[in-house]
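Hi,

Here is the structure I promised to pass on.

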Amino acid sequence: MTKVVVKAEVEDVERWKRGFVTHSDLFLTQAVTVAYWGAGEGNKVAGCFETTDLDAFMAVMESPDTAEAMSSDGIIEGTVEIFVLDSVLDPNA
């Protein structure tokens with residue numbers, strides 16, 4: 001299972017939160033099995049997605065459907081950053 005973090009700045013955190021939960025169908029096309037999400041200070045938000053198909057995830061990120069969803073949720077263009085988590089540290093090891 002691959003984890004991907006997507007962070008961005010939004011116009012309004014509450015608007016983004018309301019929109020985020022409406023995108024289950026879009027997330028399923030990305031082979032997402034679970035999504036964690038939250039907001040920080042200064043209208044910064046992040047989602048951590050577990051996906052079984054990184055290629056599908058990335059392809060959908062570039063799709064018109066995702067662009068429309070992000071625009072509808074008030075994500076500020078040019079602020080999206082994507083991180084593929086490819087390393088693990090086990091502090092108990």
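Helix 1 (residues 13–20) holds both Glu14 and Lys17, three residues apart, or about one turn of the helix. Helices (H or I, at least four residues) and strands (E, at least two) are DSSP runs, numbered from the N terminus. Glu14 and Lys17 form a salt bridge, with the closest N and O atoms 3.7 Å apart; the term means a side-chain nitrogen of Lys or Arg within 4 Å of a carboxyl oxygen of Asp or Glu. Glu14 is partly exposed at 45% relative accessible area, and Lys17 is partly exposed at 30% (buried is under 20%, exposed over 50%, partly exposed in between; 1.4 Å probe, protein chains only).

This is a predicted model: local features need pLDDT of at least 70, side-chain atom pairs count only at pLDDT 80 or more, and totals for chains, interfaces and linings use all residues. Residues are numbered from 1 along each chain as its sequence is written, and side-chain values use heavy atoms, leaving out hydrogens and water.

The whole structure has four salt bridges. One of them joins Glu50 and Lys3 (3.3 Å, N to O). Glu50 is in strand 3 and Lys3 in strand 1, so this pair ties together parts 47 residues apart in sequence. Glu50 is buried at 14%, while Lys3 is partly exposed at 34%.

Strand 1 (residues 2–9) runs antiparallel to strand 3 (residues 44–51), with eight bridges; strands pair if DSSP finds at least two bridges between them. Five bridges join strand 1 to strand 4 (residues 81–85), also antiparallel. There, Lys7 stands opposite Glu81, and their side chains meet in a salt bridge (3.7 Å, N to O).

Cheers
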